[in-house]
Amino acid sequence: MKAFTDVSLDLETYGTEPGCVILEVAITAFDRKNKDRKMASIHRFPSISEQIESGFKIDHDTVKWWSSQPAKWERQTNAERYPVDECVHDLIKFVRDYTNPETVLAWAKGSHFDFPILRTIMPDVWSFRNIHDLRTLSLAFPFVDLDRDTDKYPTHHGLEDSQFQAMEVQALCSMIVTDE
């Protein structure tokens with residue numbers, strides 16, 4: 001299988017700083033220049049109790065926000081959770097199996113949220129030079145506005161957010177003219 005060129009990362013958390021409890025991690029592998037290639041994704045829910053035992057924190061304002069979103073809150077509280085080491089193993093294996101970690105571009109909405117928080121449980125699988133911010137890219141093309149079907153891609157769901165972000169990267173990169 002030909003390696004995917006990009007990954008999109010999304011986390012849902014009980015805080016906004018590194019060291020907060022991570023509720024879910026999703027990574028979607030895709031090709032930014034090939035919308036026709038089917039994407040591949042992984043989605044994991046790390047053990048909350050294990051993270052708390054390891055010193056990870058819960059921000060009560062964030063919990064208050066989650067609890068004000070009944071459907072999203074129920075999804076998080078009812079998710080089947082797995083040991084952190086097992087989740088990390090699966091995530092790293094996924095990136096290594098589906099991409100070339102040395103060249104893959106890693107995307108998230110904001111370079112100061114998902115990447116630093118994920119780094120508290122696992123090392124970067126991609127080169128630090130290849131971390132990219134989707135928000136910055138979207139500023140370059142303010143006229144590109146994908147109409148998000150929130151039934152198919154609800155917000156604050158790691159898997160659906162990572163998949164929609166991948167489509168955003170594809171749409172925005174299609175605006176870039178190159179000689180390739």
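Trainee: Is Cys173 buried or exposed?

Mentor: Buried means under 20% relative accessible area, exposed means over 50%, and partly exposed lies in between, with a 1.4 Å probe and protein chains only. Cys173 has 14% relative accessibility, so Cys173 counts as buried. Keep the source in mind: this is a predicted model, where local features need pLDDT of at least 70, side-chain atom pairs count only at pLDDT 80 or more, and totals for chains, interfaces and linings use all residues. Residues are numbered from 1 along each chain as its sequence is written, and side-chain values use heavy atoms, leaving out hydrogens and water.

Trainee: How many disulfides does a search of the whole structure find?

Mentor: A disulfide is a covalent bond between the sulfur atoms of two cysteines. The test is a pair of cysteine sulfur atoms within 2.5 Å. Searching the whole structure gives zero disulfides. Take Cys20: the nearest cysteine sulfur belongs to Cys87 and is 15 Å away. Cys20 is buried, at a relative accessible area of 4%.

Trainee: Now the charges. How many salt bridges does the structure hold?

Mentor: Side chains of opposite charge can pair when their charged atoms come close. The cut-off for a salt bridge is a side-chain nitrogen of Lys or Arg within 4 Å of a carboxyl oxygen of Asp or Glu. There are eight salt bridges here. One of them joins Asp6 and Arg32, at 2.7 Å from N to O.

Trainee: Where do Asp6 and Arg32 sit?

Mentor: Helices (H or I, at least four residues) and strands (E, at least two) are DSSP runs, numbered from the N terminus. Asp6 is in strand S1 (residues 6–13). Arg32 is in the loop between strand S2 (22–30) and strand S3 (40–44). The two residues are 26 apart, and the pair links distant parts of the chain. Asp6 is buried, with a relative accessible area of 0%. Arg32 is partly exposed, at 22%.

Trainee: Which residue forms a salt bridge with Asp31?

Mentor: Arg37, with the closest N and O atoms 2.9 Å apart. Both Asp31 and Arg37 are buried.

Trainee: What does the salt bridge between Glu168 and Lys109 tie together?

Mentor: The closest N and O atoms of Glu168 and Lys109 are 3.3 Å apart. Glu168 lies in helix H7 (residues 158–173), and Lys109 in the loop between strand S4 (105–108) and helix H5 (114–118), so the pair ties together parts 59 residues apart in sequence. Glu168 is buried, at 15% relative accessible area. Lys109 is partly exposed, at 27%.

Trainee: Which residues do salt bridges with shared partners join into one network?

Mentor: Glu24, Arg75 and Glu160.
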